[in-house]
Amino acid sequence: MRLKTLALVFLSALLSSAQAQIDKPATHEWHDVSRDVYVDGELDRAAQVLVCDSPRRVALISSRLRDSVVLDLEANTVNLASRSALRLAPDRNSATSEAGLQLRSIGKFAAIDSTTYLLSAEGKSILLRQHPGVTGEMSEDKLYEVAPVWRSMMESYQPQAEAVAALKANDKDTDVTLVFGTWCPDSKNYVPRLLKALHAAANDKLKVKLVGIDNQFRQPVGTIQPRTIINVPTVIVERGGREMGRIVETPAAGTIEEDLAAILRGRPNLHKGRWSRGAEIAHGAYLYKDQNGRECGNETWELYNTSDGGFLVHSQISAGELATEVYHTVNGAGKTTFVEITKRRGEAVTRVRYNIDDHTLTARLRGNLSGVVQQTLETPQRFAFSSPAIASQGRGWPAGTQVISTSPGYFVPAEMDDTVGTLDKTSFEPRGEQTIRVQAGEFRARDVVRKSAKETSEWWLHSGIGVPVLGKVAGGMEYVLTSLEISSK
């Protein structure tokens, strides 16, 4: 019996080991990133840098080095691997390697910051640092000299045939200006594709101009400010000096060439935002009133499910000369994970994106007049995020109905000239459910008083979908739900 038990234990261990080998990935995936590489103090434009997320590694391939250099970011070591160890895809934008990649450690590297590394390999000093972008108007050859991977991506792409035919059929002189960042992943993803489609169309009526901007959105001023560039890539289509339409950051259709074809036909595709969403839950509108009861703005909004069991709120706000668009995502655990706010006033445009992980909030503002402002804050596991969108108020707030809770609140200011937001101690006092009648109808709503150093406000949150039915700021604004349609699905 003892021998039988030992045999079973041995067999179980053997099966577990075999299953572990099956579950273990056979290859590691790498993706190209834009970095400036200096070898013995000289910029090597032809060098390629690839990153592997698991395990965390950075690889450098350069004609000035016999082997590939691999940095192990966990062990802080510099390693060498054979040039053939990383198998590049045809477009050179990605690569694979064996999970058991043979590495020969040759020392340590110095991490200046999260994207800057100083090291030595094969008797040469090597510096990897963030690529700030090449600016100004440039030829396509110049672009590929700066970003060689873009050429291979262009050559490998097969554009959508119907869109190419539409580009070829254009019979009017048209200027197509591609504004992009050689540092920008979205630019790298879409600009080579559009260039391939334009090559395939071979239409002399389409006059193409390439303009690069830096990663701080400051240069060239003559493009960024008058063209109101806050996202890249931006494709601007003009005839006779008049703008017909533009493609911003990502295509609205399946491909960027389809978007260009739609603009040329005079029927631009409507972009619904790049942020993923599920089915619509509801949509509606608010009326804004000032402290004297006068109408001073309005908001239209949609509420969507997301794949992780959370919500996405999309709001468009109009208040005098200021137009604001907000995307606010809350995950299934009720925590804000991402917010994008774009403000337009005359020629001035600013856009700020907030990314929140377990302990850090990172905000990055871009403006066609202000350039880039960045903020990083250490945050607690849970905190309330207050954006300008009234439809997103209540998202991530404490859900209890009996106890006053206190937690940090992050408040986005009405104007984002000097700051993109501040943390403030905030209390939430639930006051039970009430029946509230507003212009949109009569609703059961959860009454919550929110207090911070900045303001005291009271909110009546729809008991079913959580959006405010009514909101009042002490001595200030009032927000009234004027329409609501809840999906029957």
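**Helix packing and backbone exceptions in a predicted model**

The buried residues of helix 7 (buried meaning under 20% relative accessible area, with a 1.4 Å probe and protein chains only) pack against helix 4 (161-169), strand 15 (174-180), helix 5, strand 16, strand 17 and strand 18 (242-248). The model is predicted, so local features need pLDDT of at least 70 and side-chain atom pairs count only at pLDDT 80 or more, while totals for chains, interfaces and linings use all residues. Residues are numbered from 1 along each chain as its sequence is written, and side-chain values use heavy atoms, with hydrogens and water left out. Helices (H or I, at least four residues) and strands (E, at least two) are DSSP runs numbered from the N terminus; contact means heavy atoms within 4.5 Å.

Helix 7 spans residues 256-264, and because eight of its nine residues are buried, the helix is largely enclosed by the rest of the structure. The buried residues are Ile256, Glu257, Asp259, Leu260, Ala261, Ala262, Ile263 and Leu264. Just after helix 7, Gly266 has a positive phi of about 85°.

Helix 3 (residues 148-156) packs on helix 5 (residues 185-201) at an angle of about 50°, and their axes are 8 Å apart. Axes are lines fitted to C-alpha atoms, for helices over the stretch in contact, and angles run from 0 to 180 degrees between N-to-C directions. Helix 3 is therefore oblique to helix 5, a class that holds the angles left over when those under 35 degrees count as roughly parallel, over 145 as roughly antiparallel and 65 to 115 as roughly perpendicular. On the helix 3 side, the contact is made by Trp150, Met153, Met154 and Glu155; helix 5 contributes Ser187, Lys188, Asn189, Val191, Pro192, Leu195, Lys196 and His199. Six residues of this contact are nonpolar, three polar and three charged (Ala, Val, Leu, Ile, Met, Phe, Trp, Tyr, Cys and Pro count as nonpolar, Asp, Glu, Lys and Arg as charged, and the others, Gly among them, as polar).

Most residues other than glycine have a negative phi, and most peptide bonds are trans. The peptide bond from Gln219 to Pro220 is cis, with omega near -5°. A cis peptide bond with omega of about 0° joins Val232 and Pro233, and Pro233 is in the loop between helix 6 and strand 17 (234-239).

Technical notes: Buried means under 20% relative accessible area, exposed over 50%, partly exposed in between (1.4 Å probe, protein chains only).
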